[in-house]
Amino acid sequence: MIRNSLFALIAAVLLSSCGGYTTHQQGEGDTVAFKYATLLTIVDYDGYSVATIRNPWKEGKILHTYVLVNSNEKQGARSKGQDTLPSPLGELEGATVIHTPIQRSAVFTTVHCSLLMTLGCGEGIVGVADSKYIKIPWIQEQIGQGRIVDCGNGLNPVVEKIMDIKPDAILLSPFENSGGYGKVEELGIPLVECAEYMETSPLGRAEWMRFYGRLYGQAERADSLFAVVDSCYHSLKALANEAGEGSSVLFDKMVGSVWYVPGGHSTIGQMVQDAGGRNPWADDDHSGSLSLPFETVLERAGECDVWLYRYTSDHTMTMQELLSEYRGYDQLKAVRTGLVYGCNVETSLFYEESPFRPDYLLSDFIQILHPEITNLPPLRYYIKVNPS
């Protein structure tokens with residue numbers, strides 16, 4: 001039975017390396033039920049799990065397959081003279097074996113640093129990349145004290161520093177047509193490709209915390225936290241639905257010569273819908289952002305009731321500063337009526353929290369788009385822009 005199970009696992013991985021979806025026949029393992037995540041599949045076996053990440057940019061292809069081996073059960077099996085675990089990595093062609101729970105990790109993104117701290121695994125972070133973008137005070141303190149190593153630029157990290165800290169795994173974000181991860185791939189350290197940002201729903205993205213919980217031996221804690229997020233999100237959505245149609249909203253601002261607005265199928269687009277708001281691009285089928293000239297934005301969204309934008313600054317931006325950035329902003333209805341809200345990502349934890357706590361962000365949206373709703377916690381990320 002053990003030998004058959006191993007052969008089935010190897011066959012499944014070989015299928016994934018050829019670009020097809022990994023499939024498991026009934027009875028071979030227990031498939032973890034995901035409510036919203038569409039890019040992630042996990043099947044539990046005796047002593048290990050197989051996690052498959054679908055490629056979000058190539059339909060029908062696999063981005064990565066992982067075999068999560070429970071180290072505790074592995075040790076127990078060996079003490080009994082048994083071998084109930086999958087073969088070594090060399091025999092699994094295309095899959096990455098990760099011994100769980102991960103004890104030491106290099107984390108290249110601020111959002112995953114934040115999640116690991118929430119799951120009680122922060123002490124295991126031994127390295128980070130792009131530390132200037134990590135706004136978590138504790139992480140910065142640990143870097144200052146030399147307990148966490150700054151490995152440099154996330155796209156081109158200093159491999160010698162990574163080798164020195166000896167992480168069990170490296171958490172990083174994949175990108176379309178990135179060409180791989182360079183010398184980091186040659187280190188023999190498992191690379192966890194954090195592709196949850198490509199999910200098309202806020203709860204789908206947040207549900208990936210259940211995968212990370214399994215990596216760090218915190219599956220039960222992660223499952224419980226997601227259940228809270230799920231419940232809070234739907235309670236807020238029901239509150240907004242009861243309030244009826246809310247305000248129309250325009251997002252973000254000019255970056256160079258273009259304005260990026262959320263597509264109709266983006267996570268922000270869905271959250272606006274869940275908040276009862278009106279998105280000028282609700283009929284658009286893009287799951288990411290649209291890159292538009294100012295004139296197009298003005299024509300389609302210039303009369304939006306509310307304007308929400310993000311910015312980076314060491315102080316709270318005023319309306320005067322905002323208008324000085326681009327002369328066309330004063331043509332927006334929200335500017336004339338004073339319904340402009342800014343989110344300073346330098347001083348708030350917007351990027352650290354909201355991907356895995358979309359209920360926090362939804363609460364902000366509902367309060368702004370439904371000013372008649374007054375029984376919610378204070379705004380967490382957005383602040384109404386002061387005229388002067």
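Grid points are joined across faces, edges and corners, and a volume is the space filled by probe spheres set on the points.

I note that this is a predicted model, where local features need pLDDT of at least 70, side-chain atom pairs count only at pLDDT 80 or more, and totals for chains, interfaces and linings use all residues. Residues are numbered from 1 along each chain as its sequence is written, and side-chain values use heavy atoms, with hydrogens and water left out.

**Cavities**

I found two cavities of 30 Å³ or more. Around it I listed Y309, Y311, T316, M317, G342, I383, K384 and V385. β17 (306-311) and β19 (383-384) each give two or more residues to that lining; strands here are DSSP runs of E, at least two residues, numbered from the N terminus. I sorted this lining into five nonpolar, two polar and one charged, with Ala, Val, Leu, Ile, Met, Phe, Trp, Tyr, Cys and Pro as nonpolar, Asp, Glu, Lys and Arg as charged, and the others, Gly among them, as polar.

Next I looked up the largest cavity, which holds about 40 Å³ of space. Its lining includes D252, R310 and Y382, and by class I noted six nonpolar, no polar and two charged residues.

**G188**

I placed G188 in the loop between β11 (169-172) and β12 (191-193). G188 counts as exposed because its relative accessibility is 67%, and exposed means over 50% (1.4 Å probe, protein chains only).

Technical notes: Helix = DSSP H or I, 4+ residues; strand = E, 2+ residues; numbered from the N terminus. Buried < 20%, exposed > 50% of the residue type's maximum accessible area, 1.4 Å probe, protein only. 1 Å grid on protein atoms, 1.4 Å probe; cavity = no way out; pocket = protein on both sides within 12 Å on 5 of 7 lines; lining within 4 Å.
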